[in-house]
Amino acid sequence: MTNSFVDPVNEKEICKEVITSLAKPALGVFVNLLPSDAMTEEDNVTVQDMNLALQRSNDKSSPGHDAITYQMLFHLPTCAKQLLVDIMNHCLHHSSPLEEWKIIRLLYLKKNTSLQQAAAANIRPLALFSCIPQLLNCILKWRMEIHLAEEQLLPLYMNGFRKRRGTDHNLVSLFNEITSARIGGGCTTALFLDLTNAFNNVSIPTLADIMNSMNFKPYITR
């Protein structure tokens, strides 16, 4: 273990404090869907989906607790890939992931390596998931993006977390607004927000309700 990481064996209490600060109690009750209600045959994941996800994966990514890498999965024969796809579809049909997929390997990274004494506020946990469920997540993410695009559910001016858009688009939009206002003799008011722990405080049941209102298919929101 290098100086950039904290050893959870020697720093149990600090690492426990980090995890406790991130882990939020689940709100709401999720009801498992019946297989017939969850998805149709046309929604099934295919070997082609899996191959495309593998092609776009980062083959240098660290594996999860099972030590299975993307390179291993990429070189599997088609019959083995079909077996994995069948497992994915079974989980989607029953809205229940494998228990093994819920096991996460954690690394505790120091934000500031110059500090000699480890502290919870100076630690950023890195979660390493199994590559197999990450492939499934990638496939579902594509389907969500397609649905959002086809239904035109996102505002035109939204650039974050969208394909082929980035901070440059935000800067150009801001520059155009300011320039247009100056030419017209007006002014521009801008508000910049930075939400602390925004992702850590997302309400999953509320998010699922929003996605359901956008007509995402039930097998994606459960």
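## Helix 3 against helix 5

In this predicted model, helix 3 packs on helix 5 (residues 78-93) with an angle of about 100 degrees between them and 9 Å from axis to axis. An angle from 65 to 115 degrees counts as roughly perpendicular, so helix 3 runs roughly perpendicular to helix 5.

Who touches whom here? On the helix 3 side you'll find Val47, Met50, Asn51 and Leu54, and they meet Thr78, Lys81, Gln82, Leu84 and Val85 of helix 5. Sorted by class, that's five nonpolar residues, three polar and one charged.

## Helix 3 against helix 6

Helix 3 (residues 47-55) also packs against helix 6 (residues 131-150), again at about 100 degrees, and the axes sit 9 Å apart. That puts helix 3 roughly perpendicular to helix 6.

For this contact, helix 3 brings Asp49, Met50, Leu52, Ala53 and Leu54, while helix 6 brings Leu135, Cys138, Ile139, Trp142 and Arg143. The tally is eight nonpolar residues, two charged and no polar ones. Met50 and Leu54 turn up in the contact with helix 5 and also in the one with helix 6.

## The overall picture

Zooming out, the protein has nine helices and three strands. Follow the chain along its sequence and the order is β-α-α-α-α-α-β-β-α-α-α-α.

How much of the protein is buried? Of its 222 residues, 25% are. The exposed surface comes to about 15,800 Å², with carbon and sulfur atoms supplying 58% of that area. As for how the chain meets itself, take the contacts between residues at least 6 apart in sequence: 68% of them join residues at least 24 apart.

Technical notes. Residues are numbered from 1 along each chain as its sequence is written. This is a predicted model: local features need pLDDT of at least 70, side-chain atom pairs count only at pLDDT 80 or more; totals for chains, interfaces and linings use all residues. Side-chain values use heavy atoms; hydrogens and water are left out. Axes are lines fitted to C-alpha atoms, for helices over the stretch in contact, and angles run from 0 to 180 degrees between N-to-C directions. Helices (H or I, at least four residues) and strands (E, at least two) are DSSP runs, numbered from the N terminus. Angles under 35 degrees count as roughly parallel, over 145 as roughly antiparallel, 65 to 115 as roughly perpendicular and the rest as oblique. Contact means heavy atoms within 4.5 Å. Ala, Val, Leu, Ile, Met, Phe, Trp, Tyr, Cys and Pro count as nonpolar, Asp, Glu, Lys and Arg as charged, and the others, Gly among them, as polar. Buried means under 20% relative accessible area, exposed over 50%, partly exposed in between (1.4 Å probe, protein chains only). Accessible areas come from the Shrake-Rupley method with a 1.4 Å probe; for residues, only the protein chains shown count as cover.
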